[in-house]
Amino acid sequence: MDFILRECRLPGGELVDIGLEQGVIEAIEPCLETKAAQTIDVGGQLVSPPFVESHIHLDSALTAGQPRWNQSGTLFEGIEIWRDRKQSLTLEDVKERAIATLKLQAQQGVLFVRTHADVSETNLVALKALLQVREAVKDWITVQVVAFPQDGLYGSPGNLELMAEALKLGADAVGGIPHYEMTREDGVQSVHRIFELAQQYDRLIDIHCDEIDDDQSRFLEVVAACAVRSGLGPRVTASHTTAFASYNNAYAFKLMGLLSRSNINFIANPLINITLQGRTDTYPKRRGVTRVKELWQQGLNVSLGHDCIRDPWYSLGTGNMLDVAAMAVHVCQMTGQSEIAACYDMITTNGAKTLAIQDRYGLEVGKPASLIVLDADSPYEAIRRRAAVTHVFSHGKLLVETKPAEVKWA
Ligand code: FE2
């Protein structure tokens, strides 16, 4: 064996030894007798599959304040600022910031990332840069790229051609933003077009869907209906769906039945949803986060993302998925023990399901040896204390080691 990790506490509570050999998990047993080139005594701490960042915009990451700060804190001012900033995008600019962000994520245990790439600019610089980054980092972190039409598929002439070009260049998924199209009809049409493109190019779908407090923004039902009719369900993701939090309960109840039939994935971004939404409210002020708990209770797949790290929409963000899970616990009122455990699943296994990478993900013999060790003995403690990730293994190699902070009373 190359590595043996002794006394690993799995997320389910079992205590095991884990053997890694040639990039693969070779053994998971209560007590491994074999020897290894290197042994790490984990001492009963949590060993988990890596974190999955299922929704981020690496093209805009680390640009907060450029060319100006978002003073209103709204989604729409963010889009305007980004429209100005993206005029000066270069391949090097995007690649440098994307790789810096990926390193920030990886050192905190994230080894799978789905990023959106804005394809609403004529040279497709963001997309081309992120496709190059996907290739450059593939030995240590897996990146999926969504072709995301930030200004709408029908917002400007030529946007549809740009989307097709992005898919030909190799984007992993078709994106969309139906609630931002000029009319409701354009929004509905955009969803149909996205499904056609996904089938034509055999790609996944991840739509920014109903990211608004408008209780009449109802593109989620269109996405779900298209998923039912096309049979693409598990390959489809509805991101944000914040309007779902504002729907009346009679409609929400009816919708939930359709969502169950559709079998699509959901991504909530609680850090940014709680800050961007509710901006037009006085009091009571809505939380603007989709019905995470109810979707989870319904058995639907929900994962969590940062969405942004220091960009025009969100000037904060750390890359730490435990921050995201902790915010979900609070905002979605998921404070029960099984609910906190579910929030941990939402940044690990559920994210892998959203990304459709289950064949390469998980603590199982034969799977790639990508795993993390945390300074905590359970997912609950990891979230409560935002525990440090002490070891990050990627494909059998120790990628990062972090020493938890030491406190000394004088
Ligand atoms: Fe987003």
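Let's start with helices α10 and α11. From α10, Leu-322, Ala-325, Ala-328 and Val-329 meet Ile-340, Cys-343 and Tyr-344 in α11. What classes of residue make up this contact of α10 with α11? Seven are nonpolar, with no polar and no charged residues. One caution before I go on: this is a predicted model.

Now the geometry of that pair. Helix α10 covers residues 321–331, and helix α11 covers residues 337–346. Their axes come within 9 Å. The axes cross at roughly 140°. The crossing of α10 and α11 is right-handed.

Next pair: α2 and α3. Here α2 is residues 91–106 and α3 is residues 125–136. The two axes come within 9 Å and cross at roughly 45°. Angles under 35 degrees count as roughly parallel, and 65 to 115 as roughly perpendicular. So α2 and α3 are oblique to each other. The crossing of α2 past α3 is right-handed.

Who touches whom? On the α2 side, we have Leu-91, Val-94, Lys-95, Ala-98, Ile-99 and Leu-102. They meet Val-125, Ala-126, Lys-128, Ala-129, Leu-130, Gln-132 and Val-133 in α3. The contact of α2 with α3 counts ten nonpolar residues, one polar and two charged.

Helix α6 runs over residues 220–230, helix α7 over residues 249–262. How are these two helices set against each other? The axes come within 8 Å and cross at roughly 30°. Angles under 35 degrees count as roughly parallel, so α6 and α7 are roughly parallel to each other. In this case α6 passes α7 in a left-handed crossing.

The residues, then. In α6 they are Leu-220, Glu-221, Ala-224, Ala-225, Ala-227 and Val-228. Their partners in α7 are Tyr-251, Lys-254, Leu-255, Leu-258, Leu-259, Arg-261 and Ser-262. By class, the contact of α6 with α7 holds nine nonpolar residues, one polar and three charged.

How many cavities of 30 Å³ or more does the count give? One. The volume of the largest cavity is about 100 Å³. The lining has 14 residues, and the closest to the cavity centre are His-57, Leu-75, His-208, Glu-211 and Trp-313. Two elements give two or more residues to that lining: α1, residues 75–85, and α8, residues 270–276. By class, the cavity lining splits into eight nonpolar, four polar and two charged residues.

Now the largest pocket. About 250 Å³ of space lies in there. Of its 13 lining residues, Val-289, Thr-290, Arg-291, Glu-294 and Val-331 are the closest to the centre. Which helix gives the most to this lining? That is α9, residues 292–297, with three residues. The pocket lining divides into five nonpolar, three polar and five charged residues.

Last topic: the backbone. There are two peptide bonds to show you here. Go to Gln-66 and Pro-67. The bond from Gln-66 to Pro-67 is cis, with omega near -5°. Where is Pro-67? In the loop between β6, residues 51–56, and α1. Recall that α1 also gives two or more residues to the lining of the largest cavity.

The other bond runs from Tyr-283 to Pro-284. That one is cis too, with omega near 0°. Pro-284 sits in the loop between α8 and α9. Both flanking helices have come up already: α8 gives two or more residues to the lining of the largest cavity, and α9 gives the most to the lining of the largest pocket.

One more backbone point, and it is His-240. This residue is not a glycine, yet its phi is positive, about 75°. Which element holds His-240? Strand β11, residues 236–240.

To recap the helix pairs: α10 and α11 cross at roughly 140°, α2 and α3 at roughly 45°, and α6 and α7 at roughly 30°. That's it from me.

Terms used: Residues are numbered from 1 along each chain as its sequence is written. This is a predicted model: local features need pLDDT of at least 70, side-chain atom pairs count only at pLDDT 80 or more; totals for chains, interfaces and linings use all residues. Side-chain values use heavy atoms; hydrogens and water are left out. Axes are lines fitted to C-alpha atoms, for helices over the stretch in contact, and angles run from 0 to 180 degrees between N-to-C directions. Helices (H or I, at least four residues) and strands (E, at least two) are DSSP runs, numbered from the N terminus. Angles under 35 degrees count as roughly parallel, over 145 as roughly antiparallel, 65 to 115 as roughly perpendicular and the rest as oblique. A crossing is left-handed if the near helix is turned anticlockwise from the far one by less than a right angle, and right-handed if clockwise. Contact means heavy atoms within 4.5 Å. Ala, Val, Leu, Ile, Met, Phe, Trp, Tyr, Cys and Pro count as nonpolar, Asp, Glu, Lys and Arg as charged, and the others, Gly among them, as polar. On a 1 Å grid over the protein atoms alone, a cavity is a set of points where a 1.4 Å probe fits but cannot get out, and a pocket is an open set with protein on both sides within 12 Å along at least five of seven lines; lining residues have an atom within 4 Å of a point. Grid points are joined across faces, edges and corners, and a volume is the space filled by probe spheres set on the points.
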